[in-house]
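Student: Could we go through this one together, starting with helix packing and then moving on to the aromatic rings?

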Amino acid sequence: MSSSLRTSGLLTALAGLPGERLAVGTIMAALQDRAYALLVVLLGLPNCLPMPPPIPLVCGFVLAFVALQMLMGRRIPWLPQALLKRSIGKPELSRAIGRALPALTWLERFSKPRLTMLGGSYAVPILGLVILVLALGLIVAAPFIGQIPLGLAVCLVGLGLVERDGVLIIVGAVFGAAGLLLSAGFAYAIFSGIQELFF
């Protein structure tokens, strides 16, 4: 896929790939060097809405796996063969992308290459650490709504990577910090409740 395509264009091109079903490996090959950024966006999107368990948990674990590879400096993410062979139905993929496109195109109106050093190859390991922290937050987020700020943060960081917009990455990090504070408060409330119950 052309490196000049924006996020919405990349997702639309994905939906237009031939076949009734798309293997994860086919999607990865199409994304090429932008696979990290789009994976981050795709894993963040489901968490931008109230979602029941275990969706945030699964997204968080996969996102952590991707973030660790960014930390290690891998140019293209590695996924197990069993996962690469799994396929996604074209109607389901098109429906999910259709729901995401209005918000993405709205964000793209304000996004442009800025502070590009934050989206450069040297910054990828640092962003991997940021995404790893957000992924761990997703894993322990409060059910149904606790993951929403973290999902938004993950999407914004991913969009910033695709659009080479450092300002968007910074805004995503700020959302992430707020989401982590909420998750920490939720965890503290549970821990305090258990202490009062048993001690």
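Predicted model: local features only at pLDDT ≥ 70, side-chain atom pairs only at ≥ 80, totals over all residues.

Student: OK, so at what angle do the axes of H7 and H9 cross?

Tutor: The axes of helix H7 (residues 124-139) and helix H9 (residues 166-198) cross at roughly 30 degrees and come within 10 Å. Angles under 35 degrees count as roughly parallel, and H7 and H9 are therefore roughly parallel to each other.

Student: And which residues make the contact?

Tutor: On the H7 side they are Leu127, Val133, Leu134 and Gly137, while H9 contributes Ile169, Gly176, Leu180 and Ser183. Sorted by class, this contact of H7 with H9 has five nonpolar and three polar residues, and no charged ones.

Student: Switching to rings, how many aromatic pairs are there?

Tutor: The count comes to two aromatic pairs. In one of them, the rings of Phe65 and Trp78 have centres 6.1 Å apart and planes at 65 degrees, so the pair is edge-to-face.

Student: Where do Phe65 and Trp78 lie?

Tutor: Phe65 lies in helix H4 (residues 55-71), whereas Trp78 is in the loop between H4 and helix H5 (81-84), so the pair ties together parts that are 13 residues apart in sequence. Phe65 counts as partly exposed at 31% relative accessibility, and Trp78 is also partly exposed, at 47%.

Student: What about Trp106 and Phe110?

Tutor: Trp106 and Phe110 form an edge-to-face pair, with 4.9 Å from centre to centre and 65 degrees between the planes. Trp106 is partly exposed, with a relative accessible area of 48%, and Phe110 is partly exposed at 47%.

Methods. Residues numbered from 1 in each chain as written. Heavy atoms only, no water. Axes fitted to C-alpha atoms, helices over the stretch in contact; angles between N-to-C directions. Helix = DSSP H or I, 4+ residues; strand = E, 2+ residues; numbered from the N terminus. Parallel < 35°, antiparallel > 145°, perpendicular 65-115°, else oblique. Contact = heavy atoms within 4.5 Å. Nonpolar A, V, L, I, M, F, W, Y, C, P; charged D, E, K, R; others polar. Phe/Tyr/Trp six-rings, centres within 6.5 Å; stacked < 30°, edge-to-face > 60°. Buried < 20%, exposed > 50% of the residue type's maximum accessible area, 1.4 Å probe, protein only.
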